[in-house]
Number of protein chains: 2
Amino acid sequence: MPNEHGYAVILAGGRGERFWPLSTTARPKQFISLFGGKPLLTLALERLEGVVPPERIMIVTAADLIEPTAEAARGLPTENLVAEPLPRDTAAACALACGLVAARDPQGVTAILTADHLMADIETFRQTLRDSFAAAEDGHHIVTIGIPPTEPATGYGYIEAGESIDTRTMTRFQRATRFVEKPDAATATQYLASGRYLWNGGMFIWHVGAMRRALERHAPDLLPLVEAPSAFHDREALQARLTEIYPGLRKISIDYAVMEHVDNIIMARGAFGWDDVGTWPAVAGHFAPDADSNVVIGSCEMLDAGGNVVVSENRMTALIGVHDLVVVQSGNATLICPRDRAQEVKQLVQRLGRRPDGSKYL
Amino acid sequence: MPNEHGYAVILAGGRGERFWPLSTTARPKQFISLFGGKPLLTLALERLEGVVPPERIMIVTAADLIEPTAEAARGLPTENLVAEPLPRDTAAACALACGLVAARDPQGVTAILTADHLMADIETFRQTLRDSFAAAEDGHHIVTIGIPPTEPATGYGYIEAGESIDTRTMTRFQRATRFVEKPDAATATQYLASGRYLWNGGMFIWHVGAMRRALERHAPDLLPLVEAPSAFHDREALQARLTEIYPGLRKISIDYAVMEHVDNIIMARGAFGWDDVGTWPAVAGHFAPDADSNVVIGSCEMLDAGGNVVVSENRMTALIGVHDLVVVQSGNATLICPRDRAQEVKQLVQRLGRRPDGSKYL
């Protein structure tokens with residue numbers, strides 16, 4: 001049963017550079033269609049079926065991404081797509097989300113969700129969301145979804161789990177006693193061993209009243225964003241108001257700005273196979289390798305090549321005698337790097353951005 | 001001074017696969033423009049300036065390559081381009097060349113030259129040609145140009161040099177006592193150490209009378225090709241006649257068919273920096289490497305990458321942490337292989353040819 005006050009706001013304004021050249025500034029990660037031939041954003045919407053109806057799903061994205069967003073979000077009312085004039089990290093987006101939902105339903109309970117992750121077990125994800133709506137609807141608690149770690153990852157923030165809460169739901173809830181930043185390797189190993197730390201997957205569920213109070217207390221500079229949607233029901237007027245507000249906002253995450261300071265957060269255990277598919281090797285993990293451990297998406301001919309991840313859009317890739325490489329042909333560029341250095345794509349893209357002719361490849 | 005009976009026939013019907021994907025069936029090696037922005041065939045023509053005038057230069061190529069050949073050979077009379085209906089190796093092409101020149105000038109002295117090699121020292125090449133014309137014009141000898149070997153190469157045939165001949169020319173001539181096939185590594189090392197063996201560069205200079213006699217004796221089945229151009233002065237009639245003759249011809253090289261059996265061959269020492277640019281690393285040898293020993297032709301961004309050969313046509317290549325690779329982006333394909341396995345491109349292309357959709361990449 002969908003919660004009658006349940007809303008979802010998907011934050012889809014990201015500009016991740018780790019999937020260049022398949023993803024670009026104009027086609028960030030949430031629009032790449034590697035999985036089932038559908039953009040990650042479309043999959044994020046499909047995951048909400050049976051939990052939140054389309055008319056109560058909103059997407060906050062960047063002004064210049066409205067078109068691909070609308071394309072990936074067919075079935076959503078156009079007025080549910082809202083453009084941020086400037087990127088100001090998740091705190092601003094969450095405050096705006098709070099305002100958007102409050103303007104429609106003062107009892108609204110909102111799930112803040114990501115646009116570019118995968119969940120292996122969608123039914124469990126849906127159940128976790130339903131249980132989180134139930135846990136958040138009285139407005140006493142803000143719910144976050146913690147991801148049980150599978151490795152000592154240093155690329156995520158962690159949330160310390162405190163005492164269990166008897167919610168009588170399928171989903172297990174615990175108090176969130178502490179938000180911690182991306183740890184070093186030794187600390188991450190301790191966290192994993194302790195069993196008390198979960199990954200911060202960036203998903204929150206809150207009653208608009210609870211969120212508003214948290215913002216009032218910890219980030220009052222963001223309140224104009226909460227108020228704008230009620231004050232400006234006309235879409236264009238709202239966008240004009242946002243254009244006034246955004247330049248003056250801090251760039252800060254909702255974790256830093258609010259969640260770390262709030263003491264009534266509870267954490268749902270998100271045991272649904274969350275994957276942020278952060279690098280090319282992570283993408284490869286979702287495909288069956290060939291006999292030589294190559295994962296090929298697209299057209300590729302190989303001679304004595306093994307362990308490679310090949311994405312070859314519209315063109316063909318030919319490999320001879322190379323191993324454990326990531327090779328991505330897309331648009332007007334080709335990337336080649338060892339699998340274990342795929343995270344350095346980011347640096348390369350940044351350097352490219354400083355080249356006089358670099359922008360035509362980004 | 002150009003020899004007044006001097007002709008040149010460039011054999012330009014090759015289909016080398018070693019430069020795929022830059023070279024393709026429709027654009028073989030002689031048309032790739034890596035050096036000075038000009039096709040190798042154009043460079044082969046430019047090398048003849050001052051030695052053979054354009055009206056006495058002919059090109060024998062394949063029927064379907066006439067268009068790019070004409071493009072690369074602007075300045076040559078159209079009637080000097082002759083199309084072989086089928087590829088039948090160099091013996092047929094040389095017999096046809098003999099007939100083409102004989103039809104114009106019974107005293108013609110013809111240099112058979114290649115379309116897809118480079119010579120570092122063009123002036124010495126020209127002098128070698130002039131001296132070879134002089135040595136061949138009396139019709140007593142067939143001249144071949146031997147290349148002083150710089151390494152124990154196993155990819156070329158060799159010619160054994162006998163006693164020196166006092167020609168009073170800048171070019172040194174010796175008797176060619178033996179043609180030998182591509183040797184194994186041990187034999188090649190012996191050849192190099194002996195100083196008596198030169199590489200067979202596939203260049204010959206002969207009086208049409210001498211060549212005709214050699215064909216009469218050793219390959220009489222090729223005589224119809226020698227006779228066709230005199231019998232059919234009309235271009236279309238000649239092509240029609242060739243279409244009759246070619247299907248019945250053996251596929252055999254001029255070395256096998258004739259030169260190995262002829263005892264009046266003398267060899268000019270071709271000390272002009274001949275290079276058959278047979279592989280991608282050989283191409284790289286003609287360009288100045290960067291500080292990390294990379295050779296880049298086109299657009300490339302690198303992060304901790306060294307020793308690579310990158311050809312990036314119209315698109316950009318990005319390398320992170322890879323070393324000693326050959327990377328070629330061209331048309332609708334990209335090749336990646338270690339430098340020392342570049343010769344395996346040939347196998348890959350052959351495999352590709354057997355794929356149902358392979359032809360669109362060849």
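Trainee: What makes strand β8 (residues 173–180) of chain A a partner of β10(A)?

Mentor: Bridges. Three of them join β8(A) to β10(A), and the two strands run antiparallel. Two strands pair if there are at least two bridges between them. Three bridges meet that cut-off, so β8(A) and β10(A) count as paired. Within this pair, Phe173(A) stands opposite Ala268(A). Keep in mind that this is a predicted model.

Trainee: How do you know that strand β6 (residues 142–147) of chain A also pairs with β10(A), and which way do they run?

Mentor: Apply the cut-off of at least two bridges again. β6(A) and β10(A) are joined by five bridges, so they pair. They run parallel. Here Gly146(A) stands opposite Arg269(A) of β10(A).

Trainee: Why is strand β10 (residues 265–269) of chain A called largely enclosed?

Mentor: Count its buried residues. A residue is buried if 20 or more other C-beta atoms lie within 10 Å of its own. Four of the five residues of β10(A) are buried, so the rest of the structure largely encloses this strand.

Trainee: What makes strand β6 (residues 142–147) of chain B mostly covered?

Mentor: Six of its six residues are buried. Both faces take part. Ile142(B), Thr144(B) and Gly146(B) point one way from β6(B), while Val143(B), Ile145(B) and Ile147(B) point the other way, and all are buried.

Trainee: Which strands of chain B are joined to β6(B)? Start with β10 (residues 265–269).

Mentor: Five bridges join β6(B) to β10(B), and these strands run parallel. Val143(B) faces Ile266(B) in that pairing. There is also β9 (residues 197–207) of chain B, joined to β6(B) by four bridges and running antiparallel. There, Gly146(B) stands opposite Asn200(B).

Trainee: Tyr197(B) lies in β9 of chain B. Is Tyr197(B) buried or exposed, and how do you know?

Mentor: Tyr197(B) has 24 other C-beta atoms within 10 Å. The cut-off for buried is 20 or more. So Tyr197(B) is buried.

Trainee: What does Tyr197(B) touch, not counting residues up to four places away in sequence?

Mentor: Its contacts are Pro149(B), Tyr158(B), Ile159(B), Glu160(B) and Tyr191(B). Tyr197(B) and Gly146(B) are 51 residues apart along the chain, yet 8.5 Å separates their C-alpha atoms.

Trainee: Why is chain A called as compact as a globular protein of its length?

Mentor: First, its make-up: chain A has eleven helices and 15 strands. Its radius of gyration is 21 Å, close to the 21 Å that the globule rule gives for 362 residues, so the description holds. The C-alpha trace spans about 60 × 50 × 35 Å along the principal axes. Buried residues account for 49% of the chain. Of the contacts between residues at least 6 apart in sequence, 64% join residues at least 24 apart.

Trainee: Which domains does the assignment give for chain A?

Mentor: Domain 1 covers 6–275 and domain 2 covers 280–361. Their C-alpha centres lie 30 Å apart. The contact between them takes nine residues from domain 1 and 16 residues from domain 2. On the domain 1 side, five are nonpolar, one is polar and three are charged.

Definitions and conventions:
Residues are numbered from 1 along each chain as its sequence is written. Chains are lettered from A and ligands numbered from 1 in the order in which they are written. This is a predicted model: local features need pLDDT of at least 70, side-chain atom pairs count only at pLDDT 80 or more; totals for chains, interfaces and linings use all residues. The radius of gyration is taken over C-alpha atoms; the globule rule is 2.2 Å times the number of residues to the power 0.38. A residue is buried if 20 or more other C-beta atoms lie within 10 Å of its own, exposed if 12 or fewer, and partly exposed in between; C-beta atoms are placed from the backbone. Two residues are in contact if their C-beta atoms, placed from the backbone, lie within 7 Å. Domain bounds come from an automatic or database domain assignment. Ala, Val, Leu, Ile, Met, Phe, Trp, Tyr, Cys and Pro count as nonpolar, Asp, Glu, Lys and Arg as charged, and the others, Gly among them, as polar.
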